[in-house]
Amino acid sequence: MTEQQQPPASAETILRLRDIRKVYGDHVALGDVSLDVKRGEVLAIIGPSGSGKSTLLRCVNQLEVPDSGTLEVVGSNIDFATRVSAADLLGLRRQVGMVFQSFNLFPHMSVLRNVSFPQERVLGRSRDEADKVSKELLERVGLADKMQNFPQTCSGGQQQRVAIARALALEPQIMLFDEPTSAIDPELGLEVLSVMRQLADAGMTMVVVTHEIHFAAEVADRLVVMADGLIIEEGLPRELIASPSTARAKQFLSAITDR
Amino acid sequence: MEFFLAILSAVPTTLLVTFVSFALGAVIALPLVAGRRTRFAIVRLLSKGVIDILRGVPPVLFVFILFFGVGSDLIRWEPIPAAIVGLGLISAGHLAEIYRGGLMAVHAGQFEASAALGLTRTATFSRVVGPQAFRVVIPGMATWLISLLKESSIVSTIGVAEIMFVTNQSARSTGEGLLPFIIAAAVYIALGTPFAAFSRWLEKKLSFGRRA
């Protein structure tokens with residue numbers, strides 16, 4: 001077991017969500033959720049399906065627009081009571097990288113192009129510069145030999161590592177992971193978790209929605225349990241997993257650990 | 001033999017009308033499909049209305065409206081431009097629906113990934129979604145092109161000297177019934193076959209990475 005590293009208490013808050021509310025029809029997906037994340041912190045969010053954990057994550061980079069609440073990412077402020085401008089939106093998304101459950105690589109581009117193309121468009125890098133960055137990153141995630149392949153010819157674990165490299169290439173301040181291993185064979189998921197662990201060790205700020213309780217216990221600095229659109233519990237991962245204080249968290253944790 | 005030569009001499013006109021109206025339709029279909037997908041409800045409704053009209057009116061009637069109706073009252077135009085505009089607009093209606101199907105076939109995750117990466121809408125459509133949708137719409141577009149090739153025969157009714165027009169003329173002037181029409185049918189088939197082959201080739205060429 002690795003030592004859990006706490007970010008220094010003095011670290012700045014890099015992400016601040018306040019009273020984030022999202023309603024679909026008469027279903028309250030998120031009921032006034034507030035959450036702070038410090039620079040360098042790894043936060044894991046667990047909870048049953050429909051608890052709002054993915055919705056919360058998607059609100060951070062505006063794939064879902066909350067009905068109300070405020071969002072502060074690395075200093076830029078967004079109040080959902082007013083309409084978010086396109087410039088603010090692009091500014092926000094440049095700070096935040098996202099990895100999806102279903103990878104969402106571009107199927108018509110090679111692995112290398114998948115990582116280089118967004119750099120050219122978003123950061124204005126030349127093709128050579130972008131390719132150089134891509135190659136370094138793909139080597140780091142163990143895919144140096146797959147650069148010319150198309151995504152469909154790669155395994156799920158490989159595709160997800162490409163997706164991580166693609167997001168990292170844009171030099172985000174925060175990385176969001178939405179159940180990154182749920183669509184992958186357990187064995188291949190380990191490759192992805194190991195890359196995420198490296199990233200955490202390198203000091204990246206990460207918010208990870210996951211069912212991987214061991215990853216949460218070993219890598220996360222803090223664990224949040226959500227149910228019914230609310231944060232019902234939060235604390236140090238191992239303590240929380242060992243002795244949850246609410247009945248709902250206890251029930252959920254025993255369901256995922258006792259298998 | 002002279003039927004055959006006469007009919008062959010009309011092939012360029014048929015191809016001109018077919019290709020130019022197809023190209024015109026392929027371009028006009030873009031704003032129509034964009035209109036169907038915009039967040040402004042009025043524009044969506046309007047675009048759908050236009051597409052339904054273009055697809056709902058029989059082509060021969062539509063061309064008559066443009067040539068004899070609009071043509072005699074508002075502007076004077078030659079048969080060929082009227083034919084091209086008429087068939088071009090009808091093509092736009094059909095191609096807009098084909099494009100829409102192509103866009104719907106692109107996985108929603110592609111839009112989300114593009115948004116999350118911070119790509120602009122233009123980059124998302126031109127570089128991510130467009131190329132994927134294009135692969136899906138090739139067979140539909142090829143089918144429409146072949147229909148249009150045949151459909152272009154109706155512009156003989158407004159005096160465009162294409163295959164059907166010349167065939168009709170030959171049949172009438174010689175009193176020969178069957179032969180010129182059979183020859184014309186064979187020419188249409190011979191013209192259409194390469195389109196279908198080209199479509200299959202293009203589809204295969206663009207099937208990224210699935211062969212490897």
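User: What percentage of the 259 residues in chain A is buried?
Analyst: The model is predicted: local features need pLDDT of at least 70, side-chain atom pairs count only at pLDDT 80 or more, and totals for chains, interfaces and linings use all residues. Residues are numbered from 1 along each chain as its sequence is written, with chains lettered from A and ligands numbered from 1 in the order in which they are written. A residue is buried with 20 or more other C-beta atoms within 10 Å of its own, exposed with 12 or fewer, and partly exposed in between, C-beta atoms being placed from the backbone. Buried residues of chain A make up 49%.

User: How many helices and strands does chain A have?
Analyst: The C-alpha trace of chain A spans about 55 × 45 × 40 Å along its principal axes. Its elements are DSSP runs numbered from the N terminus (helices: H or I, at least four residues; strands: E, at least two). The total for chain A is nine helices and 10 strands.

User: How many residues of helix α1 of chain A are buried?
Analyst: Helix α1(A) covers residues 53-60 and is mostly covered. Its buried residues include K53(A), L56(A), R58(A) and V60(A). Just after α1(A) comes Q62(A), with a positive phi of about 70°. The buried count in α1(A) is eight of eight.

User: Is N104(A) buried or exposed?
Analyst: N104(A) sits in the loop between β6 (96-99) and α3 of chain A. Although not a glycine, N104(A) has a positive phi of about 55°. N104(A) has 24 other C-beta atoms within 10 Å, so it counts as buried.

User: How many C-beta neighbours does E179(A) have inside 10 Å?
Analyst: E179(A) belongs to the loop between β7 (174-178) and α6 (186-201) of chain A. Its phi is positive, near 45°, and the residue is other than glycine. E179(A) counts as buried because its number of C-beta neighbours inside 10 Å is 20.

User: Among contacts in chain A between residues at least 6 apart in sequence, what percentage joins residues at least 24 apart?
Analyst: Two residues are in contact if their C-beta atoms, placed from the backbone, lie within 7 Å. For chain A, the contacts considered join residues at least 6 apart in sequence. The part that joins residues at least 24 apart is 66%.

User: Which term describes how α1(B) lies to α8(B)?
Analyst: In α1(B), F3(B), A6(B) and I7(B) meet I163(B), V166(B), T167(B) and S170(B) in α8(B). The axes of α1(B) (residues 2-9) and α8(B) (residues 163-174) come within 8 Å and cross at roughly 155°. The relation of α1(B) to α8(B) is therefore roughly antiparallel.

User: Which element gives the most to the side of chain B that touches chain A?
Analyst: The contact takes 18 residues from chain B and 20 residues from chain A. On the side of chain B, the elements that give two or more residues are α6 (108-117) and α7 (121-151). With seven residues, the element that gives the most is α6(B).

Methods: Axes fitted to C-alpha atoms, helices over the stretch in contact; angles between N-to-C directions. Parallel < 35°, antiparallel > 145°, perpendicular 65-115°, else oblique.
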